[in-house]
Amino acid sequence: MSTMQERTAEQDLPYDVFSRACPSRGTLEHVTGRWGALTLGALYEGSFRFNELRRRVDGVSEKMLAQTLHALERDGLVHREAQPTNPPRVDYELTPLGREVAGRLLALIECVEGRMDEVLASRERYDAQRMPTA
């Protein structure tokens with residue numbers, strides 16, 4: 001596809017995340033926020049119960065995980081299944097859309113993890129240049 005065709009195809013998209021009023025912006029925030037990204041990445045591994053997921057996503061509070069799961073479920077990325085047992089059992093898993101989004105997100109996570117030596121070296125250089133000399 002030529003550059004002109006790509007621009008035309010992009011302009012024909014009904015959503016524009018760069019527009020303040022676009023609903024895709026909220027979904028992007030849910031996916032790329034710290035807890036959303038980590039939750040999607042964890043669920044890519046398979047189905048989890050709430051407390052299992054909370055242990056997997058180290059550091060997330062119960063409240064934040066619940067809010068994150070609600071947002072991702074509302075966006076159609078996560079499926080919540082409540083089992084009619086005593087005590088109740090609730091499992092979370094990715095929907096097909098959630099799997100696609102999580103797969104792309106994991107590629108980004110793997111890229112960042114794979115380049116952390118460079119990032120850490122860059123941070124050291126940056127900090128050393130900005131350190132006040134005594």
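Which residue lies over the face of Tyr-44? I found Arg-99 there, at 4.1 Å from the ring centre. I counted a charge as over a ring if NZ of Lys or CZ of Arg is within 6 Å of the ring centre and within 35 degrees of the ring normal. I also noted the charged end of Arg-130 over the ring of Tyr-126, 3.9 Å from its centre.

The model is predicted, so I kept to its limits: local features need pLDDT of at least 70, side-chain atom pairs count only at pLDDT 80 or more, and totals for chains, interfaces and linings use all residues. Residues are numbered from 1 along each chain as its sequence is written, and side-chain values use heavy atoms, with hydrogens and water left out.

I then looked up the largest nonpolar core, which has 21 residues. Such a core is a set of buried (under 20% relative accessible area, 1.4 Å probe, protein chains only) Ala, Val, Leu, Ile, Met, Phe, Trp, Tyr and Cys residues joined through side-chain atoms within 4.5 Å. Helix 3 (34-43) gives the most to this core, with five residues. Helices are DSSP runs of H or I, at least four residues, and strands are runs of E, at least two, numbered from the N terminus.

I examined helix 3 against helix 6 and recorded an angle of about 105°, with axes 9 Å apart. Axes are lines fitted to C-alpha atoms over the stretch in contact, and angles run from 0 to 180 degrees between N-to-C directions. The two helices are therefore roughly perpendicular (65 to 115 degrees).

Lastly, I located a cis peptide bond between Asn-86 and Pro-87, with omega about 0°. Pro-87 lies in the loop between strand 2 (78-83) and strand 3 (89-94).

How values were computed
Buried means under 20% relative accessible area, exposed over 50%, partly exposed in between (1.4 Å probe, protein chains only). Angles under 35 degrees count as roughly parallel, over 145 as roughly antiparallel, 65 to 115 as roughly perpendicular and the rest as oblique.
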